[in-house]
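This report covers a multi-chain model. The sequence and structure are shown first.

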Amino acid sequence: MKETFRLSMLWLHTWAGVVLGSVLFAIFWMGSLSVFDHEIDRWMMPETRIAEPPVGFSLDTFAGRAAEIAPEASEWSLSLPRERVPYGYFSARDTSGTSTHRFRIDVTAGEAIPESETLAGTGFIYPFHYMLHLQWMNLGMWIVGMAAMAMLLLLISGVVVHARLFKDFFTLRPTKKLARSTLDAHNLSGVLVLPFHVLITFSGLVIFAFVYLPQAPDLVYGDSEGLSGQFRVDAFGFGHYERERMGVPARAAASLDAMAAWATSEWGGTAPDDVRVYHLGDAGGYVMMRRGDQKQVGFDRDAIYLDAATGAELDRFETAPVMRAQQFLLGLHLIQFDHWALRWLYFLAGLSGCVLIGTGFVYWFEKRRSKHAEMSQTGLRVVEVLTIGSVTGIMVATVAFFVANRLLPSGADFAGLDRATLETRAFWLVWVGTFAHVGLRRWRGAEMRAVWREQTWALAALSAVAPVLNGVTTGMHPLRAAGEGQWAVLGMDALLLATAALAVVVARRLGREAPEAAPAVPKRPSALPKPRPAARPATGSMPLPSGDGAPEATGVLGGDGAVTGDETPAVARPPVARPSPEDRAEP
Amino acid sequence: MTPAAPPALVAGLLLATALGLAYAGFALLALTLDRNWKAVAATASGPARGPALAPPPSWTDVRASGYLLLALAFMPLLARDAVASFAIVSWVLWLGVAAALVAFTLAWRPHWLRPLASALASGPAEDRPPARDGLCGGSPPSGGSPRRVPPKRPPALARDPSHVRQES
Amino acid sequence: MLLAVVGGYLLTESATALLAWALAALGMARSEAVVLGMLLAFVLYLGLLVWAFAERRLARLWLVLGVGTLVAIGLAHVVQGAA
């Protein structure tokens, strides 16, 4: 029974991995980048590289400016700037109910920041992570949901299948043959980061639970309004307190700053991060302040409603316990809090998920090769194309997206597409191109490894070009970025350069070791009889774990100084086929 | 209760302490595993490196200290963040980093753990050190067994180690 | 495979709604019941999937998923009618 359970889990692990691995890689890759979505925004939207607002920013002063920006407004809302976002988000609505677009605003100057001609991190990369930009009937969201369920299944079945979870807890054998060292890397990146993977996947599902499970609110509330009904009010506190206009002009206006200060003291020192003013100028006017959540993991829905004229508290909303747990999971996933160390750790852990998926693919190939049957050539080819295209391909496409952002002139317009669309088209075209590249090259008989190498070179070239373009087109080269405290821009440049450097190392290794791998063949009896012409690359692809693991590792290693110093030389130096005497005393 | 953030230097030192503690904890735990002990002990077996090391008589204390260090790594993180939820999430993630660093050390620089192993060792090994696996004594030598087919799942890491054969 | 994924989903979806309704009927705040049901739903679905992939007897799979879903949907309709 136990053995059959393991076997069925193995079967599940293999096929769920092969079928959904490509999607999962894209989700993990884009998710890891989304950790720095606002930083990517700074880099891709030079117009938002403004100084952070001073500490003594005044809401009352801003309210004066808001009256000038939106003179007709009967209500406005402002999301306050935060550590990673130097600007606020402003929107207004007039008495007829017409709303303005929510736009970025420099709160100190009280001026709108020019509309960005790019979707950048928060508009493209982050939505890609959860809906793949397939809007039709929420298809992308459903695919991501399925992939996330599959990820949970993969983690569970992976733990079940893993024969020696604890004995191999620290085991990584880079000098062993490819299947072994890849499996080690796969296990390591799965086991050591398992709590993160489980939590991030589960919390990701929770975020869109209302999309995936639409029936519960209707059944409980006995209506068919789903999320827009009373449930929304009870759970999220939207419109928790409302009152009508009185139709009488307001006699006074209390200070917003004083209200914020009072709310802050009510919340034990946590300042509000979202302010909404309703019924401006009317005696029924009131103000909502939502509790900030930058200093804690979970989101916060708590809000205080105050009378606009007197500043007296009218009502308050407090998040209910289960909802608080749900908001904690959301915060855990969406990391909108201020914590740089954690942010980098999330980035690393996310990339380790990429390594996990990538090594899973490579291991699968190696297993297929050693059995070289079971699957038709066509099927294998399809998976090859999907794998390379979805691993290095998406990286190349992403960096191409950055490059396109710096190359396209402002106001660019081509074939009726605006600049932002052109950028994303560049991403899609390059991505499709990488798949085509794999297909064509393999069809023409190129080795798998050669294809990996070419795409890695492409990644290196693009990543090296992007920071240069940034310096040239915006004038903000790394030195100036450092001088002006634009750490987001500096960090982006540094990571791109690190990616380029590591991609070069990997690409060169992929090229260099082609002949070295040949003597290794006799060591693998299973590799000897190879009926297919494509079999040569199979054995020749010894260094593949680096080819695959390392492009992701690029980000990983470049990301954390501590790891870089320790790790980079180790990855780069010892050639796979040459175990040093002290490496392993094992048989 | 908005806690005042400690100055950057202190915060960095606290992080480094946490990482160091977690690394040491995982290094100890790694050494209780037969494969890793042999790998580290063998770094000394070369000609001019001194004798190989015999494993300590009992792994119980080593393992307990390892876990203790992992737990202790939480304290500097809590001191740094003062917000428990941050500290817990950080702790889980830093543990992963530390474990990965131990794994990298064992893979590429096993001799770095040599001093730690010497401190634990019961002395130079005899001709053929009959090292036992620290966790599940009685399983076949690790290198040779095909990994995917062992009939039983291994016992959990936290399992009572009393069955571990004692060496002297 | 399809049975496990789709059947498991349908059962989860209706069972979640029922669970949330039952919790609310037992006196939990309505929004809280909904959110708790949704949190538990993924655990339930995951359990169903693991079981479905491990279960060798297809008939039993059909029985549990099919009958379970039908019962849950039926109950949901009854509840909805009563509300």
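This is a predicted model: local features need pLDDT of at least 70, side-chain atom pairs count only at pLDDT 80 or more; totals for chains, interfaces and linings use all residues.

Residues are numbered from 1 along each chain as its sequence is written, while chains are lettered from A and ligands numbered from 1 in the order in which they are written.

**Chains A and B**

Helices (H or I, at least four residues) and strands (E, at least two) are DSSP runs numbered from the N terminus. A residue is buried if 20 or more other C-beta atoms lie within 10 Å of its own, exposed if 12 or fewer, and partly exposed in between, with C-beta atoms placed from the backbone. Two residues are in contact if their C-beta atoms, placed in that way, lie within 7 Å.

Among contacts with a separation of 6 or more, residues 24 or more positions apart account for 71% in chain A and for 79% in chain B. Along its sequence, chain B reads α-α-β-α-α-α-α-β.

Strand E7(A), residues 303–307, has 4 of its 5 residues buried, so it is largely enclosed by the rest of the structure. Strands pair if DSSP finds at least two bridges between them. Strand E6(A), residues 286–291, runs antiparallel to E7(A) and is joined to it by 5 bridges; Val287(A) stands opposite Leu306(A) in E7(A). E7(A) also pairs with strand E8(A), residues 313–317, in the antiparallel sense over 4 bridges, with Ala303(A) opposite Phe317(A). E7(A) and E8(A) form a hairpin with 5 residues between them, and Gly311(A) in the turn has a positive phi of about 80 degrees.

**Helix H6 of chain A**

H6(A) spans residues 178–191, and its 14 residues reach 19 Å from first to last C-alpha, close to the expected 20 Å (1.5 Å times one less than the number of residues). In H6(A), 12 of the 14 residues are buried, including Leu178(A), Asp184(A), His186(A) and Val191(A).

**Chain C against chain A**

In this interface, 30 residues of chain C are in contact with 27 residues of chain A. On the chain C side, helices H1 (2–25), H2 (30–54) and H3 (58–82) each supply at least two residues, and H2(C) gives the largest share, 18 residues. The chain C side divides into 22 nonpolar, 5 polar and 3 charged residues. Here Ala, Val, Leu, Ile, Met, Phe, Trp, Tyr, Cys and Pro count as nonpolar, Asp, Glu, Lys and Arg as charged, and the others, Gly among them, as polar.
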